[in-house]
Amino acid sequence: MSIQIVNSQPYPDQQPGTSGLRKKVTRFQQSHYLQNFVQSIFNVATELAGQTLVLGGDGRFFNPQAIQVILKMAAANGIARVLVGQLGLLSTPAASALIRKNNAAGGIILSASHNPGGPDGDFGIKFNTANGGPAPTSFTDAVFQASTRIHQYRIIESDDIDLSAISSHDMEGMQIEVIDPVQDYAEMMAQIFDFDKISSIFKNGFRMRFDAMHAITGPYAIEILQNRLGAENGTVINGIPLEDFGGCHPDPNLVHARELVELLQTDPTLGLGAASDGDGDRNLILGQAVFVTPSDSLAIMTANAGLIPGYQSGLKGVARSMPTSAAVDTVAGQLGLACYETPTGWKFFGNLLDAGKITFCGEESFGSGSDHIREKDGLWAVLFWLNLIAEKQQSVADIVTRHWARFGRHYYSRHDYEAIASDKANQLMDQLRAALATLKGQHFGDYRLNQCDDFCYTDPVDGSVTEQQGIRLLFADGSRIVYRLSGTGTVGSTLRVYIEKYQSDPALHSQDTQLALAELIDIADQVGHISVITGRSAPDVIT
Ligand code: G16
């Protein structure tokens, strides 16, 4: 055996955030940095020894090198078999599906999600457990602790494995299967959605654009939308995965998916615009002159689940992350469904899904998904909308406005202040926390503050408690302002301010979300002292 035991020193900054460890590529390239973290995973996930591991990433810069290191470390740590995507590629939802289908003991996914890539961009690594979902906080905390104590790691001395073709290899007794990253996932989608019905709208001239943002979903979208469903060639734009995402920012929002937004504006024959992010778990849904907020999308999916073959037997319940609008709560209330409010982070849905308490879940951060896997799923959401359009024979705008007419409208916007100095961001949150007791009952113009707190979640399945998940201002009319610091940024701190207002009367619905929320936006600044503390007069990104 050519196992090497390599001496190394801990790095102090290997604490995983909302979704694994995300740092600059240059940080990951420092000697032993990646190896320390991977060894810490193996030291904690002792259940992996003798079992199957799924491995792949979103193809960003450093993906190929990291895959080879992890294969060699897996072999040295007693893993029996690794399923690795061809060329080291796997979308996050496809990886989750593979873990579940193959009874793998876990998976390692290489991605910094929607963060930019390239030599100066970001890289990331996360561990998913045997249920296919992101590891819980107890696990990531243990990995961080292990990383602070590490002094050596195990690795095989071996040549790199050729991942360019579907093939099998043996590495010191560990079996490596290089698999097609797309086919199993495409099959699963065909089981959930009515592919014949969706094909029929494309046959009848329905046109759409899907922006893969030069990230992982290109090959998946081309196979499913163009090859299997018969959408015209050219439906998938930016479909070739590039290690720097073509210099673009693979974050499917109205700012970074500008090209798609403009395509919809200039071509009135396009009935749907959609996009996904770096690793394929997020989604953006656009119609002609309408952006479907992720919060509304979850509510609309919940209200219409019965139209989709995979959900015809009904929903067990639904869940949303705390900052996500309460649009889905309104639907759940009317349909008599249980509705859960969790902290930000897909991992919090895992227990609810595993316990059979929910079927759908979603987040304002462009994530929606169901119990088919344990990750959010970008293409799943796009297919859901296509299936809805095909069933209802209505435009995206019609589906949305009819939904609002029935359930009322939750005006909703997120304001992001990016890369602010961390001490300022912490000061802002600390002063808000300190003011909570005095804020309650205060009036701000027409708005009376009913309740305010720092969101604390008790998991209904295992009783675990997660504190300090965002400051909530809850007003008497149901309006909300939420302040929270992002867990996925890599430069300074990002402050997210979420603003929401409910209007049940369709006659009073306005076209302009920012206008409808203007007073609350002012209150958010007034209470949070955002401009004073950060020195910023406006957010960097408004969604
Ligand atoms: C990750 C998590 C999501 C979460 C998001 C929050 O998304 O997987 O569940 O909603 O982070 O991001 P932030 O903390 O920046 O608001 P992703 O797509 O980056 O893996």
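How far does a polar side-chain atom of K376 lie from an oxygen atom of the ligand? The distance is 2.8 Å. This is a predicted model, with local features needing pLDDT of at least 70 and side-chain atom pairs counting only at pLDDT 80 or more, while totals for chains, interfaces and linings use all residues. Residues are numbered from 1 along each chain as its sequence is written, and side-chain values use heavy atoms, leaving out hydrogens and water.

**Ligand shell**

- The ligand is surrounded by 19 residues, the closest being E363, S486, G487, T488 and R496 (a residue counts if one of its heavy atoms lies within 4 Å).
- That shell splits into 1 nonpolar, 10 polar and 8 charged residues (Asp, Glu, Lys and Arg count as charged; Ala, Val, Leu, Ile, Met, Phe, Trp, Tyr, Cys and Pro as nonpolar; the others, Gly among them, as polar).

**Polar side chains and cover**

- R496 puts a polar side-chain atom 2.6 Å from a ligand oxygen atom, and for S365 the corresponding distance is 2.8 Å.
- On its own the ligand has 460 Å² of accessible area, and the protein covers 99% of that (Shrake-Rupley method, 1.4 Å probe).

**Domains**

- The domain assignment, automatic or from a database, gives domain 1 (3-181), domain 2 (184-407) and domain 3 (409-542).
- Domain 1 brings 36 residues to its contact with domain 2, which brings 31 (heavy atoms within 4.5 Å).

Definitions and conventions:
A polar contact is a pair of N or O atoms within 3.5 Å; within protein, one must be able to donate a hydrogen and the other to accept it, and residues adjacent in sequence count only if both atoms are side-chain atoms.
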